[in-house]
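Subject: Structure handover and findings

Hello,

Please find the structure below. The notes after it go through what was found.

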Amino acid sequence: MIKVLIADDQELMRQSLQIILSSHADIEVVGVVKDGESVIRSIPHSKPDIILMDIRMPKMDGVQCTKIVKEKYPDIKIIILTMFDDDEYVYDALKYGASGYLLKGISMESLKEAIITVYSGSAMINPDITKKMLSFFSQMAKQRDIISVPVEQVRQLNSAERKVINALSYGYSNKEIADIVNLSMGTVRNYISSIFEKLGLRDRTQIAIWAIQSKNNFFEEEDDDT
């Protein structure tokens with residue numbers, strides 16, 4: 001059973017999501033709130049696995065709420081659900097640890113699929129904004145939030161882990177990475193866990209930012225290690 005908390009400032013949207021998601025036997029809606037502050041208050045008793053988070057909410061928006069939730073409850077997955085395909089919001093939400101970014105026009109069947117995908121540990125980005133997001137993500141990663149990893153830690157990476165990092169920098173899911181590098185999903189997950197440990201990074205978003213910032217002096221070395 002996947003426990004879902006819905007956060008949206010529009011009452012009609014909250015009610016619609018609650019009714020539709022509650023109709024699925026494998027999903028339990030454990031809370032419905034209207035702003036980011038209510039999300040923070042709700043978590044201790046609702047204990048969600050996933051939060052469907054609107055971006056533009058009063059008191060505390062979805063980006064700031066995502067940052068706080070991921071700092072306090074890193075295991076909770078967050079899917080940003082919004083009508084706005086705003087580049088800055090996309091970047092910041094993913095930077096702070098959101099696992100998905102979907103537009104509100106998505107079908108309910110696709111939303112359920114996204115919830116299951118994110119719950120399993122993969123990322124889910126709306127196809128309509130993926131290319132736009134990756135372009136902006138790359139641009140912003142080069143300009144801000146510089147992530148530094150000591151050279152001796154980078155040298156611990158093997159060739160397969162470098163290939164996985166390269167794929168992560170393009171926003172691919174675990175399944176897509178498995179297909180690209182011809183490995184099982186379980187092996188990919190193991191590699192990602194190893195990468196976290198070796199580089200001392202928190203999540204796949206930090207890996208992606210670091211990889212984009214380091215491409216010129218990191219990935220060119222890959223061929224020398226194979």
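With which residue does K198 form a salt bridge, and how far apart are the closest N and O atoms? The partner is E161, and the closest N and O atoms are 2.9 Å apart. A salt bridge here is a side-chain nitrogen of Lys or Arg within 4 Å of a carboxyl oxygen of Asp or Glu. K198 belongs to helix α10 (residues 185–199) and E161 to helix α8 (residues 159–168), so the bridge ties together parts that are 37 residues apart in sequence. Both K198 and E161 are buried, where buried means under 20% relative accessible area, exposed over 50%, and partly exposed in between (1.4 Å probe, protein chains only).

Before the rest, the basis. This is a predicted model, in which local features need pLDDT of at least 70 and side-chain atom pairs count only at pLDDT 80 or more, while totals for chains, interfaces and linings use all residues. Residues are numbered from 1 along each chain as its sequence is written, and side-chain values use heavy atoms, with hydrogens and water left out. Helices (H or I, at least four residues) and strands (E, at least two) are DSSP runs, numbered from the N terminus.

Confidence

pLDDT is the predictor's confidence in each residue, from 0 to 100. The protein chain has a mean pLDDT of 82, and 82% of its residues reach 70 or more. Over residues 220–226 pLDDT stays under 50, and the model has eight contacts for them beyond four places in sequence; contact means heavy atoms within 4.5 Å. Where pLDDT is low, the predicted coordinates should not be read in detail.

Packing of α8 and α10

The axes of α8 and α10 are 10 Å apart and meet at an angle of about 95 degrees. Axes are lines fitted to C-alpha atoms, for helices over the stretch in contact, and angles run from 0 to 180 degrees between N-to-C directions. The two helices, α8 and α10, are therefore roughly perpendicular, the class for 65 to 115 degrees. From α8, A160, E161, V164, I165 and L168 take part; from α10, Y191, I192, S194, I195, K198 and L199. By class, this contact of α8 with α10 has eight nonpolar residues, one polar and two charged (Ala, Val, Leu, Ile, Met, Phe, Trp, Tyr, Cys and Pro count as nonpolar, Asp, Glu, Lys and Arg as charged, the others, Gly among them, as polar).

L157 sits in the loop between α7 (151–154) and α8. L157 is buried at 5% relative accessible area, and its C-alpha atom is 7.3 Å from that of I195, 38 residues away along the chain.

Other salt bridges

The whole structure has six salt bridges. One of them pairs K112 with D26, with 3.9 Å between the closest N and O atoms. K112 is in helix α5 (residues 108–119) and D26 in the loop between α1 (11–22) and β2 (27–33), 86 residues apart. K112 is buried at 16%, whereas D26 is partly exposed at 30%.

E71 and K67 form another, at 2.8 Å from N to O. These two are four residues apart in helix α3 (residues 62–72), about one helical turn. E71 is exposed at 54% and K67 partly exposed at 25%.

Regards

Technical notes
Parallel < 35°, antiparallel > 145°, perpendicular 65-115°, else oblique.
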